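Have the model open while you read.

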Amino acid sequence: MSEQKKSSNYISIKESRKIIKENLRQMKYYESLKRKNLDPKSFTCAMHDENNIIEIDDLHTCFFTDTGTVKSVNGVSFDIPKNKIVGVVGESGCGKSVTSLSIMQLVQAPQGQVVGGEIRFNSDELGIDENGKKLGYNIAKMPTKEMYKIRGKDITMIFQEPMTSLNPVFTIGYQLDEVSFVHTPDIAKEDAKKKSIEMLEKVGIAMPEHVYKSYPHELSGGMRQRVMIAMALAGNPKLIIADEPTTALDVTIQAQILELLKDLQKSQGCSIMLITHDLGVIAEMADEVVVMYAGRVIEKGTAHEIFHDPKHPYTIGLQKSKPLLTSPSDEPLFSIPGQVPNPINLPNACYFKNRCDKCFNKCDGEYPPVIKISETHYVSCYLYGEQ
Ligand SMILES: Nc1ncnc2c1ncn2[C@@H]1O[C@H](COP(=O)(O)OP(=O)(O)OP(=O)(O)O)[C@@H](O)[C@H]1O
Ligand code: SF4
Ligand SMILES: [Mg+2]
């Protein structure tokens, strides 16, 4: 293929047929793995640190499309410690949602598949291995029917738009009771109702008996999101994944919902993976922050490190592009120039290179390694480490 054709993403019919054939082969292979009756040993592994609820290690998730393989998550590694809120930020399309859907085994199949890496989930059921290390499930290799044991109970998810997650033809009560029936199949109907009303009270809904009988369209956006939070909490989860939980709400309701999530995280003693575009939300909520760019983690650290000592030029740019109340009204908003590289033809160099104002000769080399700045702070950039 000529250079011009390559850069314009042109593919011939012959190439397209070849891609489709190869995609079918790959999708069949990964789908068959999910249905296999595997020995539990093949999807359990030792946790690196038993204080983590989840450890994502070199995760690769791809979409097999007719124009080529989209590497949406391309070697992502980070941990979520127990009882902590970890914020995940990055611009649209950088792989935040695909990372979270990989944890839930909810990536759109068959074209979307986890093709490499480990997602170690710290489970209390599995005990310890022969070296005394706590055992966990490797979600990346777990067959679908085993995943039912933890999805929706130990790990739950709150989506951006509650109206699309709630079923419009059933009452809130019916849908909340369903959650109890799934988690505790022998629970009596009255007990399930009692529990649902308790959950509604817990998430700050006034007149819970009335809301119990209501349909989703009768509630406001904020109330619907509270109902979703109640559902997510019903099975006493160890990890809640909140993907842009407040983006569809106005600012005052957003603050209330975030406050509620924070309070519940503390009282229930669970962890939250909080995905958002909003750096203000992260600053308010998160203990640790992961910054993603084009399917990779480019910087991670404690919230204090990321906000007071950002290292990667992209993280610095992200913070500069946030408007402040003190900014002069005639000053134009800062934006990072350029675009994210095409996820089908990713360069073998720093993905931020074409947008970086700090780029120097070393950046022509391969993708920068992870440099340790402190025990908790890591960055992938040639500006740091040995020059
Ligand atoms: N079903 C799909 N088929 C093909 N590509 C997909 C699919 N879902 C996601 N992708 C691709 O995966 C990449 C990561 O998408 P993802 O939804 O994780 O981004 P995101 O960081 O959550 O963005 P946003 O902030 O807009 O929600 C994008 O390049 C997207 O085009
Ligand atoms: S490695 Fe080079 S191009 Fe990439 S962010 Fe760092 S300075 Fe910029
Ligand atoms: Mg998303």
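Let's start with Asn83, which has 15 C-beta neighbours inside 10 Å and so counts as partly exposed, since a buried residue would need 20 or more and an exposed one 12 or fewer. Keep in mind that this is a predicted model.

- As background, most residues other than glycine have a negative phi.
- Asn83 isn't a glycine, yet its phi is positive, at about 60 degrees.
- You'll find Asn83 in the loop that runs between β3 (68-81) and β4 (85-89).
- Met207 isn't a glycine either, and its phi is positive too, at about 55 degrees.
- The loop holding Met207 lies between α7 (189-202) and α8 (208-212).

**A cis peptide bond**
- Again for background, most peptide bonds are trans.
- The bond joining Ala109 and Pro110 is cis, with omega at about 5 degrees.
- Pro110 is in the loop between α3 (96-104) and β5 (112-122).

**Around ligand 2**
- Which residues are closest to ligand 2? They are Cys350, Cys356, Cys363, Cys381 and Tyr382.
- In total, 13 residues surround ligand 2.
- Sorted by class, the shell around ligand 2 contains 10 nonpolar residues, one polar and two charged.

Definitions and conventions. Residues are numbered from 1 along each chain as its sequence is written. Chains are lettered from A and ligands numbered from 1 in the order in which they are written. This is a predicted model: local features need pLDDT of at least 70, side-chain atom pairs count only at pLDDT 80 or more; totals for chains, interfaces and linings use all residues. A residue is near a molecule or strand if its C-beta atom, placed from the backbone, lies within 6 Å of it. Ala, Val, Leu, Ile, Met, Phe, Trp, Tyr, Cys and Pro count as nonpolar, Asp, Glu, Lys and Arg as charged, and the others, Gly among them, as polar. Helices (H or I, at least four residues) and strands (E, at least two) are DSSP runs, numbered from the N terminus.
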